[in-house]
Amino acid sequence: MEESINILNAIKQQFDCKEVDIRTYSPLTLAYIGDAIYDLVIRTVVVERGNQSAKGLHKMTVRYVNAKMQAKMIEALEEILTDEEVAVYHRGRNAKSYTSAKNASIIEYRMATGFEALMGYLYLKGDTARMLALIQTAFAKTGMKI
């Protein structure tokens with residue numbers, strides 16, 4: 001079996017990205033990349049579950065990639081997060097955002113932003129295993145299945 005490539009390291013190497021202390025990133029920057037990486041994880045799982053139309057894939061994906069679901073997920077995870085992870089989540093949740101969700105309350109939206117910040121932090125930290133374990137645990141604790 002071929003050795004897998006760490007996508008973050010591959011991107012950094014291919015595009016000659018400089019090393020940055022991720023603790024200096026704003027919480028909304030972490031949420032920005034966290035939204036994308038969480039979406040990629042869910043899309044990957046959905047695609048791996050079976051080949052279907054793009055419309056069908058999208059319908060399945062939006063069930064999991066939305067503020068209400070992300071708020072439920074972070075609620076399920078709060079008791080198992082490390083102090084460092086809680087601090088990142090709180091920074092993201094408390095960040096002043098100038099947008100809001102269409103189908104979620106402001107509280108759910110802020111919690112989702114904190115969740116996304118945590119996902120972004122773990123991804124940029126290179127701790128993909130922890131990120132995936134948290135996502136899987138959140139699904140198990142909320143009773144959701146992809």
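Which residues does Met-119 touch, not counting residues up to four places away in sequence?

1. Met-119 touches Gly-34, Ile-37, Tyr-38, Met-131, Leu-134 and Ile-135; contact here is heavy atoms within 4.5 Å.

2. The model is predicted, with local features needing pLDDT of at least 70 and side-chain atom pairs pLDDT 80 or more, while totals for chains, interfaces and linings use all residues. Residues are numbered from 1 along each chain as its sequence is written, and side-chain values use heavy atoms, leaving out hydrogens and water.

3. Helices are DSSP runs of H or I, at least four residues, numbered from the N terminus.

4. The largest pocket has a volume of about 440 Å³. A pocket is an open set of points on a 1 Å grid over the protein atoms alone, with protein on both sides within 12 Å along at least five of seven lines, and lining residues have an atom within 4 Å of a point; the volume is the space filled by probe spheres set on the points, which are joined across faces, edges and corners. Of the 19 lining residues, Val-65, Asn-66, Ala-67, Tyr-109 and Glu-116 are the closest to its centre.

5. Helix H2 (27-48), helix H4 (67-77) and helix H6 (106-125) each supply at least two residues of this pocket's lining.

Conventions: On a 1 Å grid over the protein atoms alone, a cavity is a set of points where a 1.4 Å probe fits but cannot get out, and a pocket is an open set with protein on both sides within 12 Å along at least five of seven lines; lining residues have an atom within 4 Å of a point.
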